[in-house]
Amino acid sequence: MFARLAAGDCTDAAFRERCVGNFKSGATTHRVTLDTQGRLVLKPDNQPAYRLAPQQGRRFRIVELEGFVVEFRREGSIVDEVIFHQPNGTFVATRVEE
């Protein structure tokens, strides 16, 4: 039996640092931070914090929510969007200044 390992930008510490920031989708602000071990944490307004586990490319799965994946999109060196792949659809949040 083979287990797929994470690969791509999601495993790069420098890329994860560029993902840190605030992203807005509708009325909700999603705060992306790094924990003490360099792992990404997602904190939407009025929701608990969620741990992001590297998956593939620029995608991270939300550990606490099965079937939910977060993808970071960048133009050059700046991560400017977060794409939420959820069972009920795909949603985009755009980076906002803090």
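## Aromatic cluster, nonpolar core and cysteines

F72 counts as buried, its relative accessibility being 1%. The model described here is predicted.

Two aromatic pairs are found in a search of the whole structure. Their geometry is as follows.

| Aromatic pair | Arrangement | Centre to centre | Angle between planes |
|---|---|---|---|
| F23 and F72 | edge-to-face | 6.4 Å | 65° |
| F60 and F72 | edge-to-face | 5.6 Å | 85° |

Because F23 lies in strand β1 (residues 21–25) and F72 in strand β6, their pair ties together parts that are 49 residues apart in sequence. F60 lies in strand β5, so its pairing with F72 in β6 joins parts twelve residues apart in sequence. One aromatic cluster is formed by F23, F60 and F72. F23 is buried at 0% relative accessibility, and F60 is buried as well.

The largest nonpolar core has 17 residues, of which L40, L42, L52, F60, V70, F72 and V82 touch the most other members. Two or more residues each are given to this core by α1 (13–19), β3 (40–44), β4 (50–56), β5 (59–62), β6 (69–75) and β7 (78–86). The largest share, three residues, comes from β7.

The count of disulfides is zero. For C10, the nearest cysteine sulfur is that of C19, 9.7 Å away; a disulfide would require the two sulfur atoms to lie within 2.5 Å. C10 is buried at 0% relative accessibility, and C19 is likewise buried, with a relative accessible area of 0%.

Note on methods:
Residues numbered from 1 in each chain as written. Predicted model: local features only at pLDDT ≥ 70, side-chain atom pairs only at ≥ 80, totals over all residues. Heavy atoms only, no water. Buried < 20%, exposed > 50% of the residue type's maximum accessible area, 1.4 Å probe, protein only. Core = buried A, V, L, I, M, F, W, Y, C linked by side-chain atoms within 4.5 Å. Helix = DSSP H or I, 4+ residues; strand = E, 2+ residues; numbered from the N terminus. Phe/Tyr/Trp six-rings, centres within 6.5 Å; stacked < 30°, edge-to-face > 60°.
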